[in-house]
Amino acid sequence: MFNARKMWNWVLAMSIAVLSTGLTSCSDDDSPSLPGNGIENAQWAEINDASIAGENLIFEFEAPAAWTATSSEKWCQLLTPKGGKGTSSLRINVAPNDTDYGRSATVSVKLEGYTEPCVLTIRQGEGFLEKGEGRYREVNKWIYNLMESNYLWNENIPELTLDHSLDYEKFLTSMLDGVASFNDANHDDGYWLNGKRQNYYSFIESNAPVARSAGETVTSSGLWITPTILGPNDNDPCGFAVIWVTPGSPAAEAGVKRGDFIRTVNKIAVTTSNYKSLGGSVLNGNVTVDLNSVKFVNNVAEITPRVASVLIGKSTFVDPSIYKWDVITTDSGKKIGYLLYMGFHTDFDAELIEVFSQFKAQGIDELIVDLRYNNGGHVISSTVLGTLIAGQAHKGDIYVRTTYNKARSDAGEVGEYRIGIAENPESANGHEAIEKALDKSLGLSQIFVIGTEKTASASELLINGLRGLDIKVNLIGTTTNGKNVGMEGWWTKINNYTFYFYPITFYCENAKGFRNYSNGFTPDLELNDAPIYPGEFGTTDDILSNYAIRWAEEGVKPSLTVNAAKSRGGKAEMRPLPMTDELKKPLTDRIGGSIIMRN
């Protein structure tokens, strides 16, 4: 029999169940379901820098719903931890940072009805307590990333605490100093003198460069001079000895030559009290000077006027690699090629090949390569010169092998440059000049190299590379620089400025695997020409050229005379005065290195 009461109870129970289900569903609709964080027109960035001295930060934003904010750090206090719908302000009080390190805090802003919070960072210093203006953070990040991956001694870089607010040069130095703090790990990055590092080889420059290399433009008179007194007494003649004259420069066009002695500048006599300012004027150009010849008789300087007054201008010109070349015919009839090579640059490879074509055509017997002022350049160009000397017998032999940091080496990365082979690690299509050089090569079994402490990098690479092929290199002068490492070059453009970065990234080895010349190559015939009055390059008037010519002519190493300065050249010692940084610039501004270009 149908029971109406039971049926009613069942319907009532089902209605309550349905109603209950509906209420639960409505409650779920109230939970956050909109994607994103909902915030619009926020004035903050992902990372926001605050003053180390402390400050209040105010950021405006649009909130389509009520919001709350939280901070991860007490020193970053929220003055507005919550707000309503509409235009809102996030106000933050950042306390002064009295610690030695930078710090950061995370602030989260959460809107009702949205699934994600908006997260921003408040940063107060980065690395060491910030001491810079912070204008080069992006540049410094670029430097850091390249160093971390490619620097030859990169293993401890992640452990460094760095101040990214510094300018890019100071930032790089702080990184290099930091690596050096790990048991002098990067000892080979830099020139050492008397147990003290004089400078790092790794460097960076902007498009307001403080340095240049062979092949780059320079604006000056085109001279390098040494202030000196010609005699032992302070009242002896004072002036400037011309050390070199750049071909194509205003000084060269005015007829100035090496060995000239300048006693007056703009009709003002050079003295020990004014030589610094007058010397700067001579280098900068647009001056009138006198030119004199110097000869020593019984160690007394005889000064003969050559040109009473000559105007040396100032202009922009290209600094070439080849300053001079010649074929010297000795009294015995031997022909000796002479090359004054000032920098390895690919723009001058064709000219270098042409010079060797002339050497070959004239049938030279010996070769002198003058590298006394050559502090390096492109590895590719060094390979061209090595090929011109070594010749067909060594085609395909390794000239230089580049080895990288542990991570890159473990990944199998190594570079090989070979005699007469165009293919190389830095040029996808090869460097044609290396192959062309083989046709004009001399195939010599020995050469004579003039070197000094300024002879570095790609110049030392030539010495080491040829010795690795068992070609005898007779070195004359003083111990070379000792730069057995090289750098890869990268560039970038940031905020309309171009930055060029050359960190040390590889060792230079020859075919025998030898690379241990960080103390330089010791000369076979040691003679310091710095205090000797200069004579014309590639002649017996120049003391180092004199001994190189004698050695090449006679076939045996000459003995140094008691007074080497007077031997054949008739030159004697001068008394150089202290050089200012400005007077050193023609030499120190020349970019050296064993350089491989990237990008």
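**Entry 1: a starting residue**

I began at Ala548, which lies in helix H11 (residues 543–554). Helices (H or I, at least four residues) and strands (E, at least two) are DSSP runs, numbered from the N terminus. Before going on, I noted that this is a predicted model, in which local features need pLDDT of at least 70, side-chain atom pairs count only at pLDDT 80 or more, and totals for chains, interfaces and linings use all residues. I also noted that residues are numbered from 1 along each chain as its sequence is written, and that side-chain values use heavy atoms, with hydrogens and water left out.

Is Ala548 buried or exposed? Ala548 counts as buried because its relative accessibility is 0%. Buried means under 20% relative accessible area, exposed over 50%, and partly exposed in between (1.4 Å probe, protein chains only).

Next I asked which residues Ala548 touches, not counting residues up to four places away in sequence. I found Ile368, Ile450 and Ile476. Contact here means heavy atoms within 4.5 Å. For Ile476 I also looked up the separation: 72 residues in sequence, and 7.0 Å in space from C-alpha to C-alpha.

**Entry 2: the six-stranded sheet**

I then traced an open sheet of six strands, in the order E21-E22-E23-E27-E28-E32, with mixed pairing. Two strands pair if DSSP finds at least two bridges between them. Strand E21 (322–329) and strand E32 (525–526) are the edge strands, each pairing on one side only.

Inside this sheet I checked strand E22 (residues 335–341) against strand E23 (residues 366–370): they run parallel and are joined by five bridges. Leu340 has Asp370 in E23 as its bridge partner.

Helix H10 (residues 458–467) lies across strand E27 (446–451) and strand E28 (472–477), and runs at about 150° to E28. Axes are lines fitted to C-alpha atoms, for helices over the stretch in contact, and angles run from 0 to 180 degrees between N-to-C directions.

**Entry 3: helix H7 and its two partners**

Two packed helices are described by the angle between their axes and the distance between the axes. I looked up both values for two pairs.

The axes of helix H7 (residues 379–390) and helix H9 (residues 432–439) come within 8 Å and cross at roughly 15°. H7 and H9 are therefore roughly parallel to each other. For reference, angles under 35 degrees count as roughly parallel, over 145 as roughly antiparallel, 65 to 115 as roughly perpendicular and the rest as oblique. The H7 and H9 crossing is right-handed; a crossing gets that name if the near helix is turned clockwise from the far one by less than a right angle, and left-handed if anticlockwise.

Which residues make the contact? H7 brings Ile380, Thr383, Val384, Thr387 and Leu388, while H9 brings Ala433, Ile434, Ala437 and Leu438. I sorted the contact of H7 with H9 by class and got seven nonpolar, two polar and no charged residues. In this scheme Ala, Val, Leu, Ile, Met, Phe, Trp, Tyr, Cys and Pro count as nonpolar, Asp, Glu, Lys and Arg as charged, and the others, Gly among them, as polar.

The axes of H7 and H10 come within 10 Å and cross at roughly 40°. That makes H7 oblique to H10. The H7 and H10 crossing is right-handed. Here Val379, Ser382, Leu385, Gly386 and Ile389 of H7 meet Ala458, Leu461, Leu462 and Leu466 of H10. By class, the contact of H7 with H10 has seven nonpolar, two polar and no charged residues.

**Entry 4: strand E34**

How many residues of strand E34 (residues 593–597) are buried? I found four of its five, leaving E34 mostly covered. Strand E24 (residues 376–378) pairs with E34 in the parallel sense over three bridges, and His378 stands opposite Ile595 in E34. Strand E29 (residues 485–494) and E34 also pair in the parallel sense over three bridges, with Met487 opposite Ile595.

E4 is joined to strand E6 (residues 86–94) by three bridges, and Gln77 stands opposite Asn93 in E6.

**Entry 5: the whole chain**

To finish, I looked up the totals: 12 helices and 34 strands, with buried residues making up 52% of the 599 residues in the chain.
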